[in-house]
Amino acid sequence: MAQLAPEKKPTPRGRYLLTLSIAALGVVFGDIGTSPLYAVREAFSDLYGLALNELNVLGVLSLIFWSLIIVISLKYLTLVMRADNHGEGGIMALTALVMPSKLRRGHWRYFAVMLGIFGASLLYGDGMITPAISVLSAVEGLQVATPKLAPFVIPITVGILVALFLLQSRGTQRVGGLFGPVTLVWFITIAILGINQIIKNPHVLLAFNPYYAYQFFVHNGLAGFWVLGSVFLVVTGGEALYADMGHFGPLPIRLTWFAIVLPSLLLNYFGQGALLLRDPAAVENPFYMMVPDWATYPLVALATAATIIASQAVISGSFSLTRQAMRLGFLPRMTIVQTSSHEIGQVYIPTINWILMFATVGLVLGFRSSSRLAAAYGVGVTTDMVFTTLLFAVIAWSLWKWPRWVVLLMTAGLLTVDLGFWSATIIKVPEGGWFPLVVGGIMLLIMTTWHQGRTLLTNVMGKDAFPIERFLDTLAGSKKPPQRVPGTAVYLTRNPDIVPPALLSNLRYNHAIHEDIIVVSVETEEIPRVLGSLRAEVRPLEFGFTRVVLHYGFMEHPNVPVVLYDIPELDLDPEDTYFVLGREIILPEGKLGMPRWREQLFAFMQRNALPATAFFDLPPDQTFEVGQLIRL
C-alpha cells in the first residue's frame with residue numbers, strides 16, 4: 001500500500017504559537033511545575049540526616065539546577081523529542097518505532113520492545129502516585145497557616161481526588177481552556193516568591209557553579225549520593241514533556257520551557273534555598289514559609305488548582321497510554337469514550353479511571369502525608385527514564401544510522417545521570433518505592449500475557465485456515481453451490497487472506513451465504529494516525545466477494561461501519577447490511593508453550609474484553625456472533 005504517514009503539521013507561528021504555548025503550560029508542565037511544593041523539603045528530610053548549612057544548601061541547589069539542565073533541557077527537549085513517531089511522543093510511540101511487524105522471542109528487538117512495555121507499565125504507578133502526592137502537598141499548606149486544620153487535610157484531599165475522578169467522564173474540553181492561564185499565574189507567583197527571597201540573600205546564586213555540587217558529594221559521601229533520590233523529584237515530569245508532544249508539537253513545548261517554566265522553577269528553588277540559609281526552621285515546609293501570612297490561604301487555593309491540573313494531565317495520559325497499548329495488541333479491548341469532538345487525544349476509559357481512583361485514594365489514606373508518599377515516588381519514573389535512554393539509543397543506531405561511537409558516547413553520558421538517580425531511589429523501595437514496581441510488574445504480566453495469548457490464538461486458528469482464493473475455486477467447481485440469500489454480509493477477520501471461521505460455520509450449518517460478502521480486516525499501523533484517503537484497500541473478488549483492509553493508527557478509534565458506508569465501490573445500504581464476527585471461547589490446557597495459569601489469565605481477559613461489536617461500533621441489531629471453541 002502507499003505511504004501511510006499522516007500529513008505533516010505546519011510549524012506554528014505568531015499568535016497560534018503563543019496560544020499553543022500557553023495551552024502547553026497546563027497540560028505539559030503541570031507535573032514538573034508543582035514539584036517546588038515538596039522537592040527541597042524532602043532533600044533535607046530526616047531520612048538523609050543532612051546538616052542545614054551553607055555548603056549543603058548550595059550543593060542541593062546546584063544539583064537541582066544541573067538536573068533540570070541535563071535531564072530536561074538536554075536529554076528530553078534536545079535529544080529524545082527528535083524521536084517522534086510521525087509527531088507523537090511517549091514511550092509507547094517510542095516502542096512502536098523499534099517494534100518489528102512480527103515480534104520474535106530472542107531477537108534483540110524483542111528485548112527492546114519489552115523494555116518499552118515495562119516502561120509503559122511503570123507509568124500506571126506514576127498515574128496513581130502523582131495525583132495523591134500533588135494534591136496532598138498543596139492541601140498541607142492549610143496546617144502551615146493554621147495547625148488546627150491538620151485533621152482536615154486528609155478528608156479534604158480525598159474529597160478533591162474523588163471529585164476529580166468522578167468528573168473524568170465529562171472530559172477536559174470545557175475546563176481545558178483554563179489550564180494554561182491558571183498554570184501561567186502559578187508560575188508567575190512562584191517566581192515572585194523566589195525573587196523576594198533571593199533579594200534578601202543573593203548569595204544563593206553561587207549555586208549555579210557545579211563546584212558546589214561536587215563539594216556536596218565530597219563532604220557528605222554516601223549520604224550526599226542518597227539525596228539524589230529527592231533531587232530527582234524536580235525532574236519527574238520529564239516523561240510528560242515527551243508524551244504530550246503530539247498535542248502541541250516540539251516548538252511550543254521548548255519555547256514555554258525556556259521562556260517561562262525553567263526560569264520560574266529556578267527562581268523558586270533558589271528562593272527556598274535563600275530562606276533556609278536565613279531561617280533553618282523553615283525546613284518544615286520551605287515553600288509555604290516563603291509566603292506572607294495574608295497570602296497563605298490564596299496560595300493554598302492556587303496550589304490546589306495547579307496540582308489538580310497536574311493530576312488531570314497524568315490521568316489523561318493514562319487513558320491515552322491504554323488506548324495505544326490496546327491498538328498495538330498489548331491490552332484487551334475496553335470501553336473508550338471520546339470526550340471531545342475536536343481533539344482525538346481526549347478520551348475517557350472507565351475501567352482505568354476507577355482503578356486509578358481507588359489506588360490514589362488508598363495511597364492517601366495509607367501514607368497520610370506527602371513526605372511519606374515521596375518515598376513511593378521516583379523509583380518507577382527513574383526506571384522509565386533509563387528505558388527511554390536505551391530505546392532512544394536503539395533508534396539513533398538502527399533507524400537513523402548515527403555513528404556507533406556517537407551513540408555509545410551519548411548513551412554512556414545519559415545513563416550515567418539516569419543510573420545515578422535510579423541507584424539513589426533504590427533505598428526508597430522498603431519505604432514505599434515498592435508500590436510503582438509492583439504496579440509495573442502486574443501491568444507487564446497482563447500486557448505480555450495478552451500479546452502472547454493472541455499470538456498463540458492466531459497460530460492455532462491458522463492451522464485450520466482455508467485460503468479465500470481456494471475457497472472461491474471450490475465454489476466455482478461445485479456442482480451444487482450453496483444457496484445465496486439477499487443482502488450483504490460483512491465478516492470481520494484478523495487475516496484477510498483466509499476464509500473467516502464464522503463464514504465457514506454459517507455455511508456448514510445453514511448451507512447458505514449472502515449474495516454479497518465483504519471480508520474486512522482491521523490493521524493497526526505503527527504510526528499515530530492514517531490519512532483518510534489511505535484508510536481502505538478494496539479488492540473485488542469472484543462470486544460477489546470483496547476483500548477490504550482498513551488501516552488505523554495506534555491512536556485512532558476504529559469505527560468500521562462509518563468507513564465502509566463511505567466507500568463508493570461497495571455502495572452499501574445500511575438497512576440491508578449485516579455484520580458477522582467470530583467469538584473465540586478459550587479452553588486452557590497448557591500445551592502450547594505458555595504456563596496454564598497464564599493461559600487461564602488470558603482466557604479470563606478474553607471473556608471480559610469489550611465485545612468487538614462495541615469496539616468497532618457495529619450496530620447491535622444488525623450484528624451476529626458465531627462462537628468457536630479454541631484449545632490452547
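## A walk through salt bridges and a bent helix

Start by selecting E140: at 7% relative accessibility, this residue counts as buried. Keep in mind as you click around that this is a predicted model.

**Stop 1: the partner of E140.** R41 and E140 form a salt bridge, with their closest N and O atoms 3.7 Å apart. Colour by secondary structure and you'll find R41 in helix α3 (residues 39-43), while E140 sits in the loop between α6 (108-139) and α7 (141-145), so this pair ties together parts that are 99 residues apart in sequence. R41 is buried too, with a relative accessible area of 7%.

**Stop 2: the neighbour, E42.** Stay on R41 and bring up E42. Here is another salt bridge, this one with the closest N and O atoms 3.0 Å apart. How buried is E42? Its relative accessible area is 5%, and because the cut-off for buried is under 20%, E42 qualifies. Show R41, E42 and E140 together and you have a network of salt bridges.

**Stop 3: over to E469 and R547.** Clear the selection and pick these two. Their side chains meet in a salt bridge, 2.8 Å from N to O. Which elements does this pair link? E469 belongs to helix α22 (residues 468-477) and R547 to strand β6 (residues 545-552), distant parts of the chain that are 78 residues apart.

**Stop 4: helix α4.** Select residues 54-79. This helix has 26 residues and spans 35 Å from its first C-alpha to its last, close to the expected 38 Å. Look along the helix to S73, where α4 bends by about 25°. Bring the rest of the chain back into view: α4 is mostly covered, with 19 of its 26 residues buried.

**Last stop: the start of α4.** Which residue caps the N-terminal end of this helix? Select N53 and L55 to see: N53 is the cap, with a side-chain oxygen 3.3 Å from the backbone nitrogen of L55.

Definitions and conventions
Residues numbered from 1 in each chain as written. Predicted model: local features only at pLDDT ≥ 70, side-chain atom pairs only at ≥ 80, totals over all residues. Heavy atoms only, no water. Salt bridge = Lys/Arg side-chain N within 4 Å of Asp/Glu carboxyl O. Buried < 20%, exposed > 50% of the residue type's maximum accessible area, 1.4 Å probe, protein only. Helix = DSSP H or I, 4+ residues; strand = E, 2+ residues; numbered from the N terminus. Expected span 1.5 Å × (residues − 1). Bend = angle between axes of the 7 residues up to and from the residue. Polar contact = N/O pair within 3.5 Å; in protein donor to acceptor, adjacent residues only side chain to side chain.
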